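Welcome, and thanks for opening your viewer. We will go from stop to stop, selecting a few residues each time and looking at what is there.

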Amino acid sequence: MLTIAFSYPATSTEALAIAAIGVGSGFLLHELAHKFTAQRYGFVADYEASPLGLLLAVGLSIFTNGGFVFAAPGAVMIRGKRVPYGQVEEYYWNNLQNEKEFAYISVSGAVVNLILAVLFITVSFVISDPLTIKVLSRAAFINVFLAGFNMIPFGPLDGAKVWRYNPVLWVS
């Protein structure tokens, strides 16, 4: 569904395949970055799809003739920290530390998207095949879009968690 949203109004097999590479790499690795960063901090984290988010992504893309994609088909949900058995009394909640960890978990997805974008653009400079350059350029654009969109400091988006912890981190 996200591939359709990012390729619309073009619906050719080539346009869908090109968008699929950017969406597939960007969305999957973005969410995995959240999951693995959360797990590194000891949180239980898993992905939850949002059918409404998928419909909104495609619907807005069609309504705006490909001008805007609301890319929120789901998210990694953080369930809480794992506490080793028998160590509950030694474990304490430090809210400032938790906000810092949530901020880093949130920013990790955007960082992965920006790394992918730089990688795609860099490779496109050493490739001479026009179709491959088109694929890499579109994949870079999608990844920059995903990073920027997710860092909007509003509501449930990643940027809101980063802003709440440290506006300077959000700006950088």
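Is phenylalanine 145 buried, partly exposed or exposed? Select phenylalanine 145 and show its surface: with a relative accessible area of 22%, this residue is partly exposed, because the buried class takes only values under 20%.

Before going further, please keep in mind that this is a predicted model. The chain averages a pLDDT of 86, and 91% of the residues score at least 70. If you colour by pLDDT, compare two elements: helix H3 (residues 51–63) has the lowest mean, 79, while helix H5 (residues 130–150) has the highest, 93.

**Stop 1: aromatic rings**

The chain holds seven aromatic pairs. For one of them, select phenylalanine 6 together with phenylalanine 145: the ring centres are 5.4 Å apart and the planes meet at 80 degrees, so this pair is edge-to-face. The two partners come from distant parts of the chain, with phenylalanine 6 in helix H1 (residues 2–7) and phenylalanine 145 in helix H5, 139 residues apart. Phenylalanine 6 has a relative accessibility of 4%, so it counts as buried.

Tyrosine 104 is partly exposed at 31% relative accessibility, and tyrosine 165 is partly exposed at 25%.

**Stop 2: along helix H2**

Select residues 13–40, which make up helix H2. How far apart are the end C-alpha atoms of this helix? They are 39 Å apart, which agrees with the 40 Å that 28 residues should span at 1.5 Å a residue.

Within helix H2, pick histidine 30. This residue is buried, at 2% relative accessibility. Which side chain makes a polar contact with the side chain of histidine 30? The partner is asparagine 113, at 2.5 Å. Leaving aside neighbours within four places in sequence, the contacts of histidine 30 also include Ser25, Gly109, Asn150 and Asp158.

The charged end of arginine 40 sits over the ring of tyrosine 41, 5.2 Å from the ring centre. Just after H2, glycine 42 takes a positive phi of about 90 degrees. Most residues other than glycine have a negative phi.

**Stop 3: inside helix H4**

Return to helix H4 and select isoleucine 105. With a relative accessible area of 3%, isoleucine 105 is buried. Beyond neighbours within four places in sequence, isoleucine 105 is in contact with His34, Thr37, Ala38, Tyr41, Phe43 and Ile78.

**Stop 4: a cis peptide bond**

Finish in the loop between H1 and H2, where you will find proline 9. What kind of peptide bond joins tyrosine 8 and proline 9? The bond is cis, with omega about 15 degrees. Most peptide bonds are trans.

Conventions. Residues are numbered from 1 along each chain as its sequence is written. Side-chain values use heavy atoms; hydrogens and water are left out. pLDDT is the predictor's confidence in each residue, from 0 to 100. Helices (H or I, at least four residues) and strands (E, at least two) are DSSP runs, numbered from the N terminus. Rings of Phe, Tyr and Trp (its six-membered ring) pair if their centres lie within 6.5 Å; planes under 30 degrees apart count as stacked, over 60 as edge-to-face and the rest as tilted. Buried means under 20% relative accessible area, exposed over 50%, partly exposed in between (1.4 Å probe, protein chains only). A charge sits over a ring if NZ of Lys or CZ of Arg is within 6 Å of the ring centre and within 35 degrees of the ring normal. The expected span of a helix is 1.5 Å times one less than its number of residues. A polar contact is a pair of N or O atoms within 3.5 Å; within protein, one must be able to donate a hydrogen and the other to accept it, and residues adjacent in sequence count only if both atoms are side-chain atoms. Contact means heavy atoms within 4.5 Å.
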